[in-house]
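Biologist: I'd like to go through this model with you, one piece at a time. Could you keep the definitions handy as we go?

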Amino acid sequence: MSDRDEIVERAIDYPYEIPDRSFVQAGERTLELPDELRLEPRIPVLAFGSNAAPEVLVRKFELTEQSDTVPVVRARLSDFDIVYSAHISAYGSIPAAIQVSPGATVSVYVTYLTPEQLQLMSETEPNYILARLDPVSCRLETGEELTSIASYLSKHGCLSVDGGEVALADVAADGRRFPEWGEREAIEHVRARLGPELTLEDFIAENVADPALARRRTEALRQGAKPFAGTARKLSEY
């Protein structure tokens, strides 16, 4: 596979492979979540998009067998959905954003991070603002319910298509009211708007090779983007 093929594949494969269960990421090993696992004083942070994918956790935290682990708990979040953000990522995908959606219940994950891990995570999220969502109803697979949780909100708003948001088809939800697309469809929509003369592969490769161009295209997507409709308080630090 050529470097170009790898760039295109990485963009289209977003949000990557995520276990359909709770787990602990220990180095490159994805382990079952123990029945008795002390999560305090770790910080619960909502994970949607790729931030619950083992390969992303390994890369972002440079996890090794000797480094700290990351517990990841599957959860159900009421009255929200996971939609596309109005920006192009550094690796060429159209990433996820959280949005209010009354009546919907979306499948998400909660990562339990140390303060050092949270700082590292925030450094990898230049297109997002760390905020506290309060109140929420986030029921963990372990049976606990969180009524307040930290989450990353898109600085650019949610991608607007015909005046409304579009949900990620790879993220399951009950009562979903938004239409849903796969990642290829989302990138193709953005390409048709901002680079209709290009193939999908050329559009992805061009955005990755030229960050300034990707930023200009992101600015175009921000025009008419849908803002986050919920209640959140910005967190500068934890």
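Biologist: Let's start in the helices: what covers the buried residues of α5?

Modeller: First, a caveat: this is a predicted model, where local features need pLDDT of at least 70, side-chain atom pairs count only at pLDDT 80 or more, and totals for chains, interfaces and linings use all residues. Residues are numbered from 1 along each chain as its sequence is written, and side-chain values use heavy atoms, with hydrogens and water left out. Helices here are DSSP runs of H or I with at least four residues, strands are E runs of at least two, and both are numbered from the N terminus. The cover over the buried residues of α5 includes α1 (3-13), α4 and α6 (211-222).

Biologist: And which residues of α5 are buried?

Modeller: Buried means under 20% relative accessible area, exposed means over 50%, and partly exposed is in between (1.4 Å probe, protein chains only). On that scale, the buried residues of α5 are L200, F203, I204, A205 and N207.

Biologist: At what angle do α4 and α5 pack?

Modeller: Axes are lines fitted to C-alpha atoms, for helices over the stretch in contact, and angles run from 0 to 180 degrees between N-to-C directions. Under 35 degrees counts as roughly parallel, over 145 as roughly antiparallel, 65 to 115 as roughly perpendicular and the rest as oblique. α4 and α5 are therefore roughly perpendicular. With the axes of α4 (residues 183-194) and α5 (residues 200-209) 10 Å apart, the angle is about 85 degrees.

Biologist: Which residues of α5 does α4 meet?

Modeller: Contact means heavy atoms within 4.5 Å. From α4 come R184, I187, E188, V190, R191 and L194, and they meet L200, E201, F203 and I204 in α5.

Biologist: How far apart are the axes of α1 and α5?

Modeller: These two helices are also described as roughly perpendicular to each other. They pack at about 95 degrees, and their axes are 9 Å apart.

Biologist: Which residues of α5 make that contact with α1?

Modeller: On the α1 side, the contact is made by R4, I7, V8, A11 and I12. On the α5 side it's L200, E201, D202, I204, A205 and V208.

Biologist: What is the bridge partner of L133 in β13?

Modeller: β13 (residues 232-234) pairs with β6 in the antiparallel sense, over 3 bridges. There, L133 has as its partner A232.

Biologist: Why does the structure hold 0 disulfides?

Modeller: A disulfide is a pair of cysteine sulfur atoms within 2.5 Å. C138 is buried at 0% relative accessible area, and C158 counts as buried at 2%. The closest cysteine sulfur to that of C138 is in C158, and that's too far for a bond: 18 Å.

Biologist: Last one: is E17 buried or exposed?

Modeller: E17 sits in the loop between α1 and β1 (23-26). Leaving aside neighbours within four places in sequence, E17 contacts A53, P54 and E55. The C-alpha atoms of E17 and E55 are 8.1 Å apart, though 38 residues separate them along the chain. At a relative accessible area of 68%, E17 is exposed.

Methods. Pairing = 2+ DSSP bridges.
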